Amino acid sequence: MTKYGVVVGSIRENSFSKGVADALVAGLPEDAEVNYLNISNLPLYNQDFDADSTEEYTKFRAAVAEQDAFIFVTPEHNRSISAALKNALDVASRPWGENAWAGKPALVASQSVSGISGVLAHHVLRQSLVFLDMPTLQQPELYIGNVQNLADENGHITNTDTQNFLANAAKQFVTFAQKF
């Protein structure tokens with residue numbers, strides 16, 4: 001059974017990113033183990049803690065190491081990924097030489113309330129994943145624009161076409177992830 005880690009770049013309650021992540025998870029096999037990794041409680045990465053890591057760092061690194069593949073969903077903050085997501089990437093890639101992300105296949109989706117669809121955040125995240133040695137599904141590209149028109153007030157994706165698109169993308173990711 002494959003363990004899929006889900007990292008939602010927005011820590012806001014009822015976020016659209018969480019709604020997109022849920023719609024992707026709906027496309028995974030019924031027997032998949034899905035683990036949403038909480039990034040909201042991670043202290044800012046500080047190299048001073050590499051020798052004696054905080055409990056939050058240690059638990060998060062272990063949770064990352066336990067997963068077989070990852071689904072990342074990011075909002076766009078100031079033409080980049082959220083600070084919380086960047087911090088999570090940093091925490092689990094350190095100390096130097098102990099990158100817990102390495103070799104794990106990834107799927108990237110971005111969303112935005114604008115028509116730009118979080119495309120810049122999407123590519124910033126992909127660039128970080130290249131450095132972290134995470135093979136990333138290239139197609140389909142998952143840019144979800146004007147997401148507020150596709151979701152309810154709780155962030156759940158309600159548009160049937162979008163639900164189907166995301167579920168089908170997750171199915172393609174399953175095939176991709178099995179190669180690793």
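Me: How many of the seven residues of β3 are buried?
Reply: Strands (E, at least two residues) and helices (H or I, at least four) are DSSP runs numbered from the N terminus, and buried means under 20% relative accessible area, exposed over 50%, partly exposed in between (1.4 Å probe, protein chains only). β3 is mostly covered, and its buried residues number seven of seven.

Me: What should I know about the model and the numbering?
Reply: This is a predicted model, in which local features need pLDDT of at least 70 and side-chain atom pairs count only at pLDDT 80 or more, while totals for chains, interfaces and linings use all residues. Residues are numbered from 1 along each chain as its sequence is written, and side-chain values use heavy atoms, leaving out hydrogens and water.

Me: Which residues of β3 point the other way from Ala69, Ile71, Val73 and Pro75?
Reply: In a regular strand the side chains alternate between the two faces of the sheet. In β3, Ala69, Ile71, Val73 and Pro75 point one way, and all the residues on both sides are buried. Those that point the other way are Phe70, Phe72 and Thr74.

Me: Which strands stand at the edges of the sheet?
Reply: The sheet is open and has five strands in the order β2-β1-β3-β4-β5, with parallel pairing (at least two DSSP bridges between two strands). An edge strand has a single partner, so one side of it is left without a neighbour in the sheet. The strands at the edges are β2 (33-36) and β5.

Me: Which residue of β4 is the bridge partner of isoleucine 71?
Reply: On one side, β3 pairs with β1 in the parallel sense over five bridges, and there phenylalanine 72 is the partner of valine 7. With β4, β3 pairs in the parallel sense over six bridges. The partner of isoleucine 71 in β4 is leucine 107.

Me: Is glutamine 67 buried or exposed?
Reply: Glutamine 67 is found in the loop between α2 (55-66) and β3. Leaving aside neighbours within four places in sequence, glutamine 67 is in contact (heavy atoms within 4.5 Å) with Lys3, Tyr4, Gly5, Asn35, Leu37 and Lys104. With a relative accessible area of 2%, glutamine 67 is buried.

Me: Which exposed residues does α2 carry on the face turned away from its buried side?
Reply: The buried residues of α2 are Tyr57, Phe60, Arg61 and Val64. They cover an arc (of directions from the helix axis to the C-beta atoms) of only 100°, which puts them on the same side of α2. What covers them includes β3 and α3 (83-92). The face turned away carries the exposed residues Glu55, Lys59 and Glu66.
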